[in-house]
Amino acid sequence: MLMEKLHDFGSAARENGFIEVDESEEETTVWFRKATPDTDTDVHNRLCVDSQTNSATVFWASLPWKINSKTFRSVSALQEWFASRFAKPRGSMTNREALLRLSTDKHDRSALTSLCENNAEIIRTAISRYFETGNVSADAGPVVMQRVADHARSYEPKEDSDKWVAERVNAECDRLRNETIQEKANRD
């Protein structure tokens, strides 16, 4: 019964675009990843089937710098979650739609999440260019993207939204880095 349930977890994963990538030496866990990654880092969209806990845990990014997880004890609960989670394509809004919503409500989480998902590579590249890696760059991400949202009012619908986001992300990274340097200089 236990092995059948673990097999069913694996089948549910495969049916939803995951492929097996690793099995522990003790054969207690099997790791899966999305066959076509939604982002450029492998840590996003992973799934672990664990025979010790008789469960499956899914790992995903809600924002480029935040990893979430959810553990399922039943195959049906995992399948229901897949149906609700992956029914919509990544970035449920276009950049233009997200910017228009943020221009009226800069705290619209759905719009900000879509903007982050749609532009994960641009954000990652800009942050790595302007900040050192580790905690500094991880802390910069949310600040930069909230500043982008704060400036969404300046977006004109006739503008190229992709270009606008890329330019604004770079400008906000530069601005935040300069503020940090000035703050540090003032303390010294």
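Reply: Helices (H or I, at least four residues) and strands (E, at least two) are DSSP runs, numbered from the N terminus. With that rule, the elements of the chain run α-β-β-β-β-β-α-α-α-α-α-α from the N terminus on, and the chain has seven helices and five strands. This is a predicted model, in which local features need pLDDT of at least 70 and side-chain atom pairs count only at pLDDT 80 or more, whereas totals for chains, interfaces and linings use all residues. Residues are numbered from 1 along each chain as its sequence is written, and side-chain values use heavy atoms, with hydrogens and water left out.

Me: Why is Gly-10 called buried?

Reply: Buried means under 20% relative accessible area, exposed over 50%, and partly exposed in between, with a 1.4 Å probe and protein chains only. Gly-10 has a relative accessible area of 5%, which is under 20%, and therefore counts as buried. Gly-10 is found in helix α1, residues 2-15, and, leaving aside its neighbours within four places in sequence, is in contact (heavy atoms within 4.5 Å) with Phe-32 and Val-49.

Me: What makes Thr-29 buried or exposed?

Reply: The relative accessible area of Thr-29 is 16%, so Thr-29 falls under the 20% limit and is buried. Thr-29 lies in strand β2, residues 29-34, and, neighbours within four places in sequence aside, its contacts include Cys-48, Val-49 and Asp-50.

Me: Why is α5 called roughly parallel to α7?

Reply: The two helices pack at an angle of about 25°, with their axes 10 Å apart; axes are lines fitted to C-alpha atoms, for helices over the stretch in contact, and angles run from 0 to 180 degrees between N-to-C directions. Angles under 35 degrees count as roughly parallel, over 145 as roughly antiparallel, 65 to 115 as roughly perpendicular and the rest as oblique, so α5 is roughly parallel to α7. Among the residues that make this contact are Ile-123 and Ile-127 of α5 and Val-169 and Cys-173 of α7.

Me: What makes a group of residues a nonpolar core?

Reply: A nonpolar core is a set of buried Ala, Val, Leu, Ile, Met, Phe, Trp, Tyr and Cys residues joined through side-chain atoms within 4.5 Å. The largest one here has 25 residues, and those with the most contacts inside it include Leu-99, Phe-131 and Val-169. Helices α3, α4, α5, α6 and α7 each supply at least two residues of this core, while a second, separate core of 17 residues includes Leu-6, Ala-12, Val-49 and Trp-60.
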